[in-house]
Amino acid sequence: MMRRNELYPPMIDRGWPHQIRLPEEAYAGKAYNVVHGFCEDERLSVCPRGHSVSRDAQWFHIFCFAERAHAERFKERFGGEWFDRKAWNDEERAGCMARRGLHKVRGRWVAISKSTND
């Protein structure tokens with residue numbers, strides 16, 4: 001259930017489309033205050049609500065910015081990588097389906113056929 005005035009992922013993607021993926025260890029502990037202090041001191045257009053994703057047992061925090069220049073300044077200072085939610089979700093889905101023995105053919109998921117040469 002959505003709460004009134006709560007930011008949800010599509011709103012974040014529209015309002016703060018420039019997103020940087022930062023590894024959890026670069027953001028955890030004392031680094032939390034450093035990162036947020038930098039965003040506040042530089043008056044960056046960072047979204048008040050970020051989100052987290054994981055891949056291969058590693059967690060990342062996604063920082064979302066309204067202005068590309070602000071995201072670039074953040075990336076220069078803390079590193080990280082550009083994040084595209086759609087591409088990330090597509091890769092995750094493809095990996096999940098491959099583990100189930102499926103692959104995408106002309107927009108549809110089909111079973112991977114195992115041909116035998118007898």
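Guide: Begin with R21. R21 has a relative accessibility of 14%, so it counts as buried, the cut-off being under 20%. Keep in mind that this is a predicted model.

Visitor: Which residue does R21 form a salt bridge with?

Guide: The general idea is to look for a side-chain nitrogen of Lys or Arg within 4 Å of a carboxyl oxygen of Asp or Glu. Here the partner of R21 is E81, and their closest N and O atoms are 2.6 Å apart. This pair links distant parts of the chain: R21 sits in strand β1 (residues 18-23) and E81 in strand β4 (residues 81-82), 60 residues apart. E81 counts as partly exposed, at 44% relative accessibility.

Visitor: How many salt bridges does a search of the whole structure find?

Guide: The search finds 3. Another one joins R73 to E42, with 3.8 Å between the closest N and O atoms. R73 belongs to helix α3 (residues 68-78), while E42 is in the loop between α2 (31-41) and β2 (51-55), so the bridge ties together parts 31 residues apart in sequence. R73 is partly exposed at 34% relative accessibility, and E42 is partly exposed with a relative accessible area of 36%.

Visitor: Where do R68 and E72 lie?

Guide: Both are in helix α3, 4 residues apart, which is about one turn of the helix.

Notes:
Residues are numbered from 1 along each chain as its sequence is written. This is a predicted model: local features need pLDDT of at least 70, side-chain atom pairs count only at pLDDT 80 or more; totals for chains, interfaces and linings use all residues. Side-chain values use heavy atoms; hydrogens and water are left out. Helices (H or I, at least four residues) and strands (E, at least two) are DSSP runs, numbered from the N terminus. Buried means under 20% relative accessible area, exposed over 50%, partly exposed in between (1.4 Å probe, protein chains only).
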